[in-house]
Amino acid sequence: MPLGPGRRGVGVIGAPVAKAAVVGAAISPGPSPVAKAAVVGAAVSPGPSPIAKAAVVGAVVTPGGPGRRRF
Amino acid sequence: MTERSLDDLGPVDYLIVEFPAGAQNFTGEGADELLRLHDTGIIRIMDVLILAKNDDGSVEAMELSDLPELGELTRLEAQLAQTLAEEDVENLAAAMDPGSVAGVLVYENLWAAPFASAMRRAGGQLIANGRIPIQAIIAAVEADAALEAVGV
């Protein structure tokens, strides 16, 4: 079904989209090259942050525990 | 809608939800939840497309208005900005399996807009973002537990 004239023009996606990884293999061990992103997180929630784990995997991780980081 | 400056805009994301052939169970629940997010101001839905990928790999794109029964989604139709262009369709459909149907959603994260604006005013610029699959977090936690169990 052809789309209407409002759909002409330059696209915003830019490149073929890859299917997202659904399994844990997406995790890459070791220091992350996107570590800078943590700076923003630190500005939002100062101090050690079990937040993500507590919020998302609450039943698995105990908030306030030693955490997973071994820097 | 009230006029907003570019600096007031929240981050805009897109997502594609694929419904594989034989696993399509549309009850309207998803549409209700989407409208709830929109109506409560958590997100602003900017665009919606429905894609169907045929077995031969060809793709059909449909607007919301092409659907026979829109229900409550009718309210959204007039507010869509048609952010996606026709040339986006092929790029988006690259992630789909033949025989599947997908909903493509473009939305502004209204909830993040004030924080994003504040970061910009402070001189910050977003240099990376992403989503961590819940499965990945669970796998990492489980892997840690396994390592601890063997004393590593």
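## Exercises on a predicted two-chain model

Because B:Ile42 has 13 C-beta neighbours inside 10 Å, B:Ile42 counts as partly exposed. (A residue is buried if 20 or more other C-beta atoms, placed from the backbone, lie within 10 Å of its own, exposed if 12 or fewer, and partly exposed in between.) This is a predicted model, in which local features need pLDDT of at least 70 and side-chain atom pairs count only at pLDDT 80 or more, while totals for chains, interfaces and linings use all residues. Residues are numbered from 1 along each chain as its sequence is written, and chains are lettered from A and ligands numbered from 1 in the order in which they are written.

### Exercise 1: Two loop residues

Find where B:Ile42 lies and which residues it touches.

*Solution.* 
- Start with the place: B:Ile42 is in the loop between helix H1 (29-39) and strand S2 (44-53) of chain B. (Helices, H or I of at least four residues, and strands, E of at least two, are DSSP runs numbered from the N terminus.)
- Next, look for contacts, meaning C-beta atoms, placed from the backbone, within 7 Å. Leaving out residues up to four places away in sequence, B:Ile42 touches B:Leu37, B:Leu110 and B:Trp111.
- Then try a distance: B:Ile42 and B:Pro114 are 72 residues apart in sequence, with 12 Å between their C-alpha atoms.

*Solution.* 
- B:Pro98 belongs to the loop between helix H3 (86-93) and S4 of chain B.
- Its 13 C-beta neighbours inside 10 Å are why B:Pro98 counts as partly exposed.
- Setting aside residues up to four places away in sequence, B:Pro98 touches B:Lys53, B:Asn54, B:Asp55 and B:Gly57.
- B:Gly57 takes a positive phi near 90° in the hairpin of S2(B) and S3(B), which has five residues between the strands.

### Exercise 2: The sheet of chain B

In what order do the four strands of the open sheet stand?

*Solution.* 
- The order in chain B is S1-S4-S2-S3, with antiparallel pairing. (Two strands pair if DSSP finds at least two bridges between them.)
- At the edges are strand S1 (12-19) and strand S3 (59-62) of chain B, each pairing on one side only.
- From one strand to the next, the twist averages 20°. (Axes are lines fitted to C-alpha atoms, for helices over the stretch in contact, and angles run from 0 to 180 degrees between N-to-C directions.)
- Now walk across the pairs. S1(B) is joined to strand S4 (residues 101-108) by eight bridges; here B:Tyr14 has B:Val106 as its bridge partner, and B:Asp13 faces B:Tyr107.
- S2(B) and S4(B) also pair over eight bridges, with B:Asp47 opposite B:Val106.
- Between S2(B) and S3(B) there are four bridges, and B:Ala52 stands opposite B:Glu60.

### Exercise 3: A helix face and a core

Which residues of H3(B) are buried, and why do they line one face?

*Solution.* 
- The buried residues in H3(B) are B:Asp88, B:Val89, B:Leu92 and B:Ala93.
- Seen down the helix axis, the buried residues of H3(B) fall within an arc of 125°, so they line one face. (The arc is that of the directions from the helix axis to the C-beta atoms.)
- An α-helix has 3.6 residues a turn, so residues three or four places apart point the same way.
- The buried residues of H3(B) pack against S1, S2, S3 and S4 of chain B.
- B:Val89, for one, touches B:Leu51, B:Val59 and B:Ala61, beyond residues up to four places away in sequence.

Name the elements that give two or more residues to the largest nonpolar core.

*Solution.* 
- The core, with 13 residues, has B:Leu49, B:Leu51, B:Val89, B:Leu92, B:Ala93 and B:Val104 as those with the most contacts inside it. (A nonpolar core is a set of buried Ala, Val, Leu, Ile, Met, Phe, Trp, Tyr and Cys residues joined through C-beta atoms within 7 Å.)
- The elements are S2, H3 and S4 of chain B.
- S4(B) provides the largest share, four residues.

### Exercise 4: Reading chain A

How many helices and strands does chain A have, and what is its average pLDDT?

*Solution.* 
- Chain A has two helices and zero strands.
- Of its 71 residues, 4% are buried.
- Its pLDDT, the predictor's confidence in each residue from 0 to 100, averages 58, and 27% of the residues score at least 70.
- Residues 23-31 of chain A have pLDDT below 50, and this stretch has 12 contacts in the model beyond near neighbours in sequence.
- Over residues 35-61 of chain A, pLDDT stays under 50, with 24 contacts beyond four places in sequence.
- Where pLDDT is low, the predicted coordinates should not be read in detail.
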